[in-house]
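The sequence and structure are shown here.

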Amino acid sequence: MELPKFKYHPNPLATGAISESTEVCECCEKARGYIYTASFYSAEEVEAICPWCIADGSAAEKYDGSFSDEYPLMESGISEEVTEEVCKRTPGFISWQQEIWQCHCGAPCEFHGDAEKQDIEELSGSTLESFLSTNMVKPEYWVGILQHYEKAGNPAVYKFKCIKCGEVIFSMDFT
Ligand SMILES: [Zn+2]
Ligand SMILES: [Zn+2]
């Protein structure tokens, strides 16, 4: 069965947000071959959600929950409708602190998971400067961070891509 399409999280198998599983989805009570593995915020304890119940909004509605924090999107001036698509109908990701969905050109970016080491090694000049200042990292620490960087490590670096201009944006998160 083909997975639903997620505009802002185009390859959730690659990012690890969805994985193959025989588990039964609590929302639709079916085992559909895939299960969601990243964050879900709800007052209820929900163990297993399938990608289809994410895509059609039924899991978010049933459990009055969300997959990502709405606040950073609203702060970036994203409309309520689009914010809802990202937070209620798009797989989220796991982060150390509250995740911040990146925006660019007035739209939420596509999420592409943990950056490859090579991705961040290639950062330089003004791109690197603004990345470090946005993430409040002192430039003198950058070499050490690079040396020890591992995907899904601490700090984590997430890769986003602007859906309008294609610019790649990295965000950093650490404990
Ligand atoms: Zn389901
Ligand atoms: Zn852009």
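In this predicted model, alanine 156 stands opposite aspartate 173, a residue of strand β7. The contact between the two strands concerned is formed by six bridges, which join β6 (residues 156–161) to β7 in an antiparallel arrangement.

These strands belong to an open sheet of three strands, ordered β5-β6-β7 and paired antiparallel. Its edges are β5 (110–114) and β7 (168–173), each of which pairs on one side only. From one strand to the next, the twist averages 25°. In general, the strands of a sheet pair through backbone hydrogen bonds, in either a parallel or an antiparallel manner.

| Strand | Residues |
|---|---|
| β5 | 110–114 |
| β6 | 156–161 |
| β7 | 168–173 |

Turning to the whole protein, the secondary structure comprises eight helices and seven strands. Along the principal axes, the C-alpha atoms fill a box of roughly 50 × 35 × 30 Å. The radius of gyration is 17 Å, which agrees with the value near 16 Å that a compact globule would have, because the expectation is set by the 175 residues.

Two further figures describe the packing. Buried residues account for 29% of the 175 residues. Of the contacts between residues at least 6 apart in sequence, 59% join residues at least 24 apart.

Note on methods
Residues numbered from 1 in each chain as written. Chains lettered and ligands numbered in written order. Predicted model: local features only at pLDDT ≥ 70, side-chain atom pairs only at ≥ 80, totals over all residues. Pairing = 2+ DSSP bridges. Helix = DSSP H or I, 4+ residues; strand = E, 2+ residues; numbered from the N terminus. Axes fitted to C-alpha atoms, helices over the stretch in contact; angles between N-to-C directions. Rg over C-alpha atoms; globule rule 2.2 N^0.38 Å. Buried ≥ 20, exposed ≤ 12 C-beta atoms within 10 Å, placed from the backbone. Contact = placed C-beta atoms within 7 Å.
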